[in-house]
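Hi everyone, thanks for coming. Let me put the structure up, and then we'll walk through two parts of it together.

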Amino acid sequence: MSFLVEMWQFLRFRKKFWLLPILVMMVLFGGLIVLSQGSAIAPFIYTLF
Amino acid sequence: MTAILGISAFYHDSAAAIVVDGTLVAAAQEERFTRKKHDAGYPFHAIEYVLGEAGLGLGDVDHIAFYDKPFLKFERLLETYVSYAPRGLKSFRMAMPVWLREKLFQKDLLSRELRRHDPEFRPGNKLMFSEHHFSHAASAFFPSPFEEAVVLTLDGVGEWATTTLAIGRGKDLKIEKEIHFPHSIGLLYSAFTYYTGFKVNSGEYKVMGLAPYGTPRFKDVILENLIDLKDDGSFRLDMQYFNYAVGLTMTNQRFSDLFGEPVRQPEKDPLTQFHMDIAASVQAVTEEIVLRLTRSAAQEYGIENLCMAGGVALNCVANGHILRDGAFKDIWVQPAAGDAGGAVGAALAAWHTELKNERQSTSPSDKMQGSYLGPAFAQDDIEQRLTAIGAKFETFETDGMITEAATALVDGKALGWFQGRMEFGPRALGGRSIIGDPRSPSMQKTLNLKVKYRESFRPFAPSVLREDVNDWFQLDYDSPYMLLVADVQEKLRRTMTSEEMQLFGIDKLNVVRSDIPAVTHVDYSARVQTVHAETNPLYHALISEFKQRTGCPVLVNTSFNVRGEPIVCTPEDAFRCFMGTDLDMLVVGRCILRKPDQDQALKQDYKEAFELD
């Protein structure tokens, strides 16, 4: 929880709110990659690009 | 009492430092304890050591300063990936899991790791994060002997900054200008390190050592194509030629096409004159950039002193040029200029900048204590440790030990020299050194091939008594950290015959070029360490004894390790290295070990024991 508060404070201080949606998206993709632990999810990601 | 623990970790060269009431008490790199070169892990052993040296437990520490800001670094990564998307997917896939698992949660990770020292420890508000380049700038200015200085930090990249210019006055340190990623001198140099087939982040000094064998025939190609360099030293790289922003290599095909040869594969492609010319060219460009930066800073701020840190500040050839250029009257370079030094910088930044404590400059000497900030071993302890591992040794009084060691040196033997506290930073400065007679024409080759097991082109550095430096080198300045390159005095040089002049590259190395050939590079330059009686009395006494016998106040000094091995830390490490190489004698404290006396069964195949750097 403190992590989210600090991340929010960081975005506010740096005035980089535009990073938030990208961050969420990347965390989601990153999360998928972490969960997949390898290349199983890769074809799915490639199709998105 | 206020104790501040500085930590640098998780990228390369992890380290810890402790500052008590503004005094730097101890600092050490994790690699020395784990025996893993450039160890990037949490510096558990280094922290245990610095706390022990200060006589403190983690609970006694008031502040813990980490050397960079992970969120800011993550911001840079994200923005870089976004700006290059969809290129960089492969790199993104490799980077994100590490970030999402660990690096983004570095505060929690640090707290967890810190509890390994003391399960009761609660970080509360004790954890602080300093910006990467501010840590470098703090490590360069606060321990320096100057009251006021321009502070230049140059490295690959921190969070965003790659080059910063700061002004330090008393306890105040303020960054005035920055150049941001991807435009970086450090990464430009690393790109050429990669291109010439050396390891990025560790092979840069090999490129520097290779440069004098070549001619800078590609300097204009680099300046015209790769970099837009302004008069004031500010610059931008043409990213069409580089791949490091999002790829897994430093350079791309366009880069190779520009120079006309592919990236050298270290296992199969030999080093040729082409690679030497490339090394000479990037070295010349680096010097050009650094000199423009220092000249414009000196002119703009009118300050006489310059402090430097960051990996590029380890480029002692460029440092020598800055000194001779004269734009600044005095220069001081942090001996642990790389990321390890960030631990010192972060702790000192917390003391002076965050806690606003006054600072006294200590002109003419600095506050690094000769950089002898690591572990030392008492004579009793040394004897017990050596006995336990089966070493055969003789113990002398201090004078007798110096006499024995000097006799061996005069006889042309290569010695392991282990005395007092271990050095902090990449250079061995007479605490954990391999030493020899610089007058011997075969010493360079012997040390490279039989002791250090490293490439034969690499030069060795001289240790010279401070009071004699100007008689032997074109330098009359303190260089206690081996961070200034100067030429051997002309009267000591030997003119090469026209036949020898025709030799190219490495063949030239075997030509005796001066009265001290083992430390004279092919261009007559030498990476000088001045030895001071105040900071290393034993080493000073040894060189003085050698001088008395031979008239030469110079020794060859190279780090006590083999290629790919961290510098030795303990007497046991020293004994293993001694038994694994062709060293003739080992001096540990007042103990002397001779190779023929040792149990031959303790010999080991040391050459293959470490991954090559």
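H14(B) and H20(B) cross in a right-handed way; a crossing is right-handed if the near helix is turned clockwise from the far one by less than a right angle, and left-handed if anticlockwise. Please keep in mind that this is a predicted model, where local features need pLDDT of at least 70, side-chain atom pairs count only at pLDDT 80 or more, and totals for chains, interfaces and linings use all residues. Residues are numbered from 1 along each chain as written, chains are lettered from A and ligands numbered from 1 in written order, and side-chain values use heavy atoms, without hydrogens and water.

The axes of H14(B), residues 379–388, and H20(B), residues 571–580, come within 9 Å and cross at roughly 45°. Helices (H or I, at least four residues) and strands (E, at least two) are DSSP runs, numbered from the N terminus. Axes are lines fitted to C-alpha atoms, for helices over the stretch in contact, with angles from 0 to 180 degrees between N-to-C directions. The two helices are therefore oblique, the word for angles that are not under 35 degrees (roughly parallel), over 145 (roughly antiparallel) or 65 to 115 (roughly perpendicular).

Which residues of H14(B) make the contact? They are Ile382(B), Arg385(B) and Leu386(B), facing Pro571(B), Glu572(B) and Phe575(B) of H20(B); contact means heavy atoms within 4.5 Å.

Now the sheet: 5 strands of chain B form an open, mixed sheet in the order S8-S7-S6-S11-S12, and strands pair if DSSP finds at least two bridges between them. Its edge strands are S8 and S12, and the twist averages 20° from one strand to the next.
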